[in-house]
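Colleague: Could you walk me through the aromatic residues and a helix in this one?

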Amino acid sequence: MTVPRIASIHAGKVAPLGPEGVPSGFVKHVVTKSAHITPLGIKGDEQADLSVHGGTEKAVYGYALAHYEAWRTEYPRHAATLVPGGFGENLCIEGMREADLCVGDVHRMGSAQLQVCQPRQPCFKLALRFEDKMMPKAMIRSGRAGWYYRVLEVGDIAPGDVVRMEGRPNADFPFTRLVELGSHDTATRQELERMQNMEGLASDWKAWAQDRLSRLG
């Protein structure tokens with residue numbers, strides 16, 4: 001079994017994206033040395049629209065290194081962009097995918113401690129990055145969403161650092177199920193009742209569960 005490790009670290013500044021020059025921090029560049037993790041993410045990384053990006057519950061975006069091979073096979077025309085950092089992730093992680101996670105997992109990397117709190121839900125900027133309006137739908141359809149971390153302990157990380165599990169408060173709630181709910185909205189009442197107070201889950205998702213429960217009556 002492969003021990004999960006940070007394959008590469010990525011950060012970027014806000015810059016024009018797409019033909020209309022939409023401000024975005026989507027394009028990331030490799031960080032070759034150690035990086036400092038703050039409560040809002042990697043020091044020096046930026047997001048343009050803070051109403052939907054960034055913040056404490058989208059502080060660090062992780063993505064599976066293994067997914068890129070599948071993406072290049074399915075979309076060879078985008079092969080040059082489908083490389084680590086291509087989806088705007090901060091951490092490209094080897095040996096870990098969504099199927100290996102549960103909601104609220106706590107990971108130690110270097111001296112930082114992070115918690116898996118929600119999946120990515122792609123927006124129009126993904127389409128701008130690839131100049132392909134079908135890419136957001138492709139990410140949703142594939143389930144290869146990646147995951148956002150909140151920062152529990154600030155610290156320093158570096159490429160090659162092992163990703164160690166330090167807590168799993170929801171061992172019976174796979175992260176893949178949360179990805180599915182974000183795409184298809186098929187939560188059961190039992191799931192919604194659980195999610196509204198679930199340890200580690202992002203607050204927006206708790207509010208989503210509470211809203212769905214209120215509609216059920």
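Modeller: Y63 and F87 are both buried, where buried means under 20% relative accessible area, exposed over 50% and partly exposed in between, with a 1.4 Å probe and protein chains only. This is a predicted model, in which local features need pLDDT of at least 70 and side-chain atom pairs count only at pLDDT 80 or more, while totals for chains, interfaces and linings use all residues. Residues are numbered from 1 along each chain as its sequence is written, and side-chain values use heavy atoms, with hydrogens and water left out.

Colleague: How many aromatic pairs are there?

Modeller: The count comes to nine, taking rings of Phe, Tyr and Trp (its six-membered ring) as paired if their centres lie within 6.5 Å, with planes under 30 degrees apart called stacked, over 60 edge-to-face and the rest tilted. One of them is the tilted pair of Y61 and Y148, at 5.0 Å centre to centre and 35° between the planes.

Colleague: Where in the chain are Y61 and Y148?

Modeller: Y61 lies in strand 7 and Y148 in strand 11 (residues 147-153), 87 residues apart; strands are DSSP runs of E of at least two residues, helices runs of H or I of at least four, numbered from the N terminus.

Colleague: Switching to helix 3, which residues are buried?

Modeller: In helix 3 (residues 135-142) they are M135, P136, A138 and M139. These four cover an arc of only 160° around the axis, taken from the directions from the helix axis to the C-beta atoms, which puts them on the same side of helix 3.

Colleague: And which are exposed on the other side?

Modeller: K137 and R141 are exposed there.
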